[in-house]
Amino acid sequence: MTRPYIVSKADDPWSRIWFDTSPRHLAGPGDPRHVTQALRAGGWKNYADPDFPHVVLASPDFRHTLVLEPAADTYSAWWRISSQRWHASFGGNTPAEIIAGFTDALLHPAPAPEPDVWPTLQAADWTYERDERGNESARHPDGITTMERRATLTSDYFSWSADVALPTGLGGHQRLWHAYFDDRTPRHLLAAFATALTDPAPVPRGHYDVPHSHLVTQVERDAQGEQLAAARKARRSGAPTTHTVPAPAAELASAAARGR
């Protein structure tokens, strides 16, 4: 029996017209497989219940886990990554490419010494501040995107967060996405997240797949499914990926054909 034709986003990258979308931190969630395929290529196993709409991955040594469970509120913690000592979470609208910066780093040994987070943001023209309590924060030039390390009002326990909040007028804000990391999160993972967050390279999105189209610029790609399929194949196989200038469509199609 052949598989029936069923319209699904799982058929991407072939089922839509793609646009290079920037800035990436405002581009919306994208394809979650950009996160999960690299982890599975690194030996992580999926323990999800096939009858429930979630993903449950665990590393080969069971030291790290990832749970993706969509919820009604896109601002809530759809993504939860944990170890025996720390945990992190990401809202539903967090771009998959930015989450992947964090999760891809789990597949590599921690560098020595651990890198600092703030220089990466400052190099991308974010403004940095530190107060007398040791709270630190950096703000994107757009004024709506921040990354912070702060203590709670009632204790000296610090935690990290990244946040995009759109002003609605009269002092209100509409949250687009939020990420949380406890203070025991290894700094090289936080630095990898900051690197992905500030990467100027556009990300692929459909024309109507962004939460706020007026906040992004979209340019139709020269090549469509071929280039994205080749990138996905590289992540499935565990091959390293790089950001490159898109090649002409004919060249990409030829490369994809050779890779099949």
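A residue is called buried when its relative accessible area is under 20%, exposed when it is over 50%, and partly exposed in between (1.4 Å probe, protein chains only). The views show a predicted model, in which local features need pLDDT of at least 70 and side-chain atom pairs count only at pLDDT 80 or more, while totals for chains, interfaces and linings use all residues. Residues are numbered from 1 along each chain as its sequence is written, and side-chain values use heavy atoms, with hydrogens and water left out.

**View 1. W86 and F102 form an edge-to-face aromatic pair.** Rings of Phe, Tyr and Trp (its six-membered ring) pair if their centres lie within 6.5 Å, and planes under 30 degrees apart count as stacked, over 60 as edge-to-face and the rest as tilted. Here the centres are 5.8 Å apart, with 85° between the planes, and both W86 and F102 are buried. Ring pairs also link W86 and F102 with F90, F181 and F193 into a cluster.

**View 2. Y47 and F62 form a tilted pair.** The ring centres are 6.2 Å apart and the planes lie at 45°, so the pair counts as tilted. Y47 is partly exposed, with a relative accessible area of 43%, whereas F62 is exposed, at 54%.

**View 3. Helix 4 (residues 187-198) is largely enclosed by the rest of the structure.** Helices (H or I, at least four residues) and strands (E, at least two) are DSSP runs, numbered from the N terminus.
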